[in-house]
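Q: I am new to this structure and would like to learn how to read it one feature at a time. Could we go through it together, with the general idea before each case?

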Amino acid sequence: MAFQTPPHHISAITTVLPAPSGAPHDIYHEVGPYETLWRISTIYSVDMATIMKVNHLTDKTQLKKGMKLLIPNTRGPRANIPLFPTTRWTHIVIHHTATDQGSAFTIDGLHQQRGWENGMGYDFLIDNGTRGKTSGQIEVGPRWMKQMDGAHTKQGDWNKKAIGIAVVGNYSETGLPDKMFDSLVFLVVTLKGFYRIPDKNIVGHRDVPGAATECPGKFFPWNEFKRRIKAF
Ligand SMILES: [Zn+2]
């Protein structure tokens, strides 16, 4: 799919964290589904003209999902969470991907293969350091950018009212790494503050009535997670 800008009637407010500390370096970024040059530019703090020049792009329409872009002289990705003013999001559901690896690009592909033409069913993905992403990197899915229903919790009206967040990995087998945990807490606290979501409406997939699943995994640190988000 070619570069696209969000529909004009949707405008987002953005919450951004400072860039990570450390020496600037070059990295390769795999373009995610529905990801724009503007967004890539802001998460790496490298201007769009520079990214276009070093990648020999003459036109933003040349940006394609899955393309590997050289990002010069960056301290790495920083969290950048678009927030859309709306009252529809009253719940958050936490998932794990139950896969060892993944990025928004690969999960978007998997979900399209399942016949979900709108791609990745989750709104947000917390990466685990595989598929060229940094551990704790927050990716934003196309459904969130277009403010569409999710495809992550099929019970009742959950896909309409709940923001779906998945952590990459299988937490029925292992614990959640600290960097991913910190990013998840930051993302959830940002969303719950903006949308005024009560803590009782922030649940694991397994706690949705009727869901027969262990998701987000028996080793997901649920008590610690609830304790940390409650502090905000
Ligand atoms: Zn799930």
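A: Let us start with what is meant by a helix here: helices are DSSP runs of at least four residues, numbered from the N terminus. The model is a predicted one, and just after helix 3 in it, G115 takes a positive phi of about 100°.

Q: Which residues of helix 3 are buried, and against what do they pack?

A: An α-helix has 3.6 residues a turn, so residues three or four places apart point the same way. In helix 3 the buried residues are A104, F105, T106, I107, D108 and H111, and the buried residues of this helix pack against strand 2 (25–30), strand 6 and strand 7.

Q: How many helices and strands does the whole chain have, and how compact is the chain?

A: The chain has 7 helices and 9 strands. Its radius of gyration is 17 Å, close to the 17 Å that the globule rule gives for 232 residues, so the chain is as compact as a globular protein of that length. Taken along the principal axes, the C-alpha atoms fill a box of roughly 50 × 35 × 30 Å, and 36% of the 232 residues count as buried. Among contacts between residues at least 6 apart in sequence, 76% join residues at least 24 apart.

Q: Into what domains is the chain divided?

A: A domain assignment, automatic or from a database, supplies the bounds, and here the chain is divided into domain 1 (13–80) and domain 2 (85–230). The contact between them takes 11 residues from domain 1 and 17 residues from domain 2, while the C-alpha centres of the two domains lie 23 Å apart.

Q: What is the order of the strands in the open sheet?

A: The open sheet has 5 strands in the order 7-6-8-5-9, with mixed pairing. Strand 7 and strand 9 are the edge strands, since each pairs on one side only, and from one strand to the next the twist averages 20°. Helix 6 packs on this sheet, touching strand 5, strand 6, strand 7, strand 8 and strand 9, and the direction of helix 6 makes about 35° with that of strand 7.

Q: With which strands does strand 5 pair, and in what sense?

A: Strand 5 pairs with strand 8 (residues 162–167) in the parallel sense over 6 bridges, and 3 bridges join strand 5 to strand 9 (residues 202–204), which also runs parallel to it. On the strand 8 side, V93 stands opposite G164, and the bridge partner of I94 is I165. On the strand 9 side, I92 stands opposite I202.

Q: Are the faces of strand 5 covered or open?

A: Both faces are covered, with H91, V93 and H95 buried on one side and I92, I94 and H96 buried on the other.

Q: Which residues touch the most other members of the largest nonpolar core?

A: In soluble globular proteins, nonpolar side chains tend to be buried together. The largest nonpolar core here has 35 residues, and those that touch the most other members are I92, F124, L125, I126, I165, V167 and L187. Among the elements that give two or more residues to this core are strand 5, helix 3 (104–113), strand 6 (124–128) and strand 7 (135–140), and the largest share, 6 residues, comes from helix 6. A second, separate core of 10 residues includes L37, I51, L69 and I71.

Q: With which residues is L125 in contact beyond its neighbours in sequence?

A: Leaving aside neighbours within four places in sequence, L125 is in contact with A104, I107, E139, G141, A166 and V168.

Q: Where does M148 lie, and why does M148 count as partly exposed?

A: M148 lies in the loop between helix 4 (142–146) and helix 5 (158–161). A residue is buried at 20 or more C-beta neighbours within 10 Å and exposed at 12 or fewer, so with 15 such neighbours inside 10 Å, M148 counts as partly exposed. Not counting residues up to four places away in sequence, M148 touches N118 and R143. From C-alpha to C-alpha, M148 and G193 are 21 Å apart in space, and they are 45 residues apart in sequence.

Conventions:
Residues are numbered from 1 along each chain as its sequence is written. This is a predicted model: local features need pLDDT of at least 70, side-chain atom pairs count only at pLDDT 80 or more; totals for chains, interfaces and linings use all residues. Two residues are in contact if their C-beta atoms, placed from the backbone, lie within 7 Å. Two strands pair if DSSP finds at least two bridges between them. A nonpolar core is a set of buried Ala, Val, Leu, Ile, Met, Phe, Trp, Tyr and Cys residues joined through C-beta atoms within 7 Å. Axes are lines fitted to C-alpha atoms, for helices over the stretch in contact, and angles run from 0 to 180 degrees between N-to-C directions. The radius of gyration is taken over C-alpha atoms; the globule rule is 2.2 Å times the number of residues to the power 0.38.
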